[in-house]
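Work through the exercises below with the sequence and the coordinates at hand. Each task is followed by a solution in steps.

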Amino acid sequence: MTQYEKLKLSLRYYLLGKGWYVAVDALEYAESIHTGMRKDGVTPEFEHQIRIAHYLRSLDCMYPEETIAAALLHDVREDYHVADRELTRRFGPTITTSCILLDKNGKEHDAYFCGIADDAIASLAKGGDRIHNLQTMVGVFSREKQLKYVNEVRTQFFPMLKQARRAFPQQERAYENIKHVLESQIELIEVINHE
């Protein structure tokens with residue numbers, strides 16, 4: 001059994017054990033769409049979403065099932081143009097709203113992050129998404145792209161997390177955790193890139 005299969009199976013059993021059947025459906029649905037490989041040409045595309053979900057399950061969230069479901073689905077609208085009505089039919093309006101907010105297509109950068117900050121689910125999913133992107137970019141992305149992502153963490157993600165923490169103080173520890181992991185990741189990337 002591959003590492004990917006182990007991660008997927010352990011997440012599935014975790015979700016089933018919690019009785020989070022909407023998140024189980026999100027896992028299966030998103031996996032059926034994400035059938036390619038990541039930019040490294042080796043890792044299954046859907047491993048990205050699974051790793052984000054595993055990270056998010058360790059956080060103290062207001063809406064844990066919905067947050068994990070949105071993380072699993074966060075690219076289906078943006079990258080595969082899954083219709084909102086399909087997402088709403090399968091996963092309900094709350095998760096769909098978070099997926100709409102997480103889709104950056106056609107949105108101005110600042111407005112995009114402000115919208116995410118005002119959603120308790122999307123703000124955690126986006127933080128987990130960027131953490132995993134930073135963790136997997138070395139050796140895959142150019143130096144310039146890595147430093148662009150680092151700069152975006154400072155200029156967009158940290159303000160978004162601060163705004164979300166004020167909007168959802170019940171999740172303060174989760175936002176602080178995301179911020180701490182992002183800080184450690186950008187320090188590592190800067191050292192690797194001699195910045």
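**Exercise 1.** State where Met-1 is placed and classify its exposure.

Solution. Met-1 sits in the segment before α1 (3–18). The model is a predicted one. The relative accessible area of Met-1 is 65%. Exposed means over 50%, so Met-1 is exposed. Together with Leu-9 and Tyr-13, Met-1 makes a nonpolar surface patch of about 350 Å².

**Exercise 2.** Classify His-48 and His-81 as buried or exposed, and describe the setting of each.

Solution. Start with His-48, which belongs to helix α3 (residues 47–56). Its relative accessible area is 3%. The limit for buried is under 20%, so His-48 is buried. Leaving aside residues up to four places away in sequence, His-48 touches Arg-38, His-74, Asp-75, Asp-129, His-132 and Asn-133.

Next take His-81, found in the loop between α5 (76–80) and α6 (84–102). With 63% relative accessibility, His-81 is exposed. The backbone of His-81 has a positive phi of about 55 degrees, although the residue is not a glycine.

**Exercise 3.** Find how many salt bridges the whole structure has, then examine the pairs Glu-31 with Lys-8, Asp-103 with Arg-77, and Arg-130 with Glu-152.

Solution. The search of the whole structure gives 14 salt bridges.

- The side chains of Glu-31 and Lys-8 form a salt bridge at 2.8 Å, N to O. Glu-31 is in helix α2 (residues 21–33) and Lys-8 in helix α1, so the pair ties together parts 23 residues apart in sequence. Glu-31, at 25%, is partly exposed, and Lys-8, at 22%, is partly exposed.
- Asp-103 and Arg-77 form a salt bridge with their closest N and O atoms 2.8 Å apart. Asp-103 lies in the loop between α6 and α7 and Arg-77 in helix α5, so parts 26 residues apart in sequence are tied together. Both Asp-103 and Arg-77 are buried. A network of salt bridges links Arg-77, Asp-84 and Asp-103.
- Arg-130 and Glu-152 meet at 2.6 Å, N to O. Arg-130 is in helix α8 and Glu-152 in helix α9 (residues 143–167), 22 residues apart. Arg-130 is buried at 5%, and Glu-152 is buried at 16%.

Note on methods
Residues are numbered from 1 along each chain as its sequence is written. This is a predicted model: local features need pLDDT of at least 70, side-chain atom pairs count only at pLDDT 80 or more; totals for chains, interfaces and linings use all residues. Side-chain values use heavy atoms; hydrogens and water are left out. Helices (H or I, at least four residues) and strands (E, at least two) are DSSP runs, numbered from the N terminus. Buried means under 20% relative accessible area, exposed over 50%, partly exposed in between (1.4 Å probe, protein chains only). Patches are made of residues with over 30% relative accessible area and no salt bridge: like charges are joined within 9 Å, nonpolar side chains (Val, Leu, Ile, Met, Phe, Trp, Tyr) within 5 Å. Accessible areas come from the Shrake-Rupley method with a 1.4 Å probe; for residues, only the protein chains shown count as cover. A salt bridge is a side-chain nitrogen of Lys or Arg within 4 Å of a carboxyl oxygen of Asp or Glu. Contact means heavy atoms within 4.5 Å.
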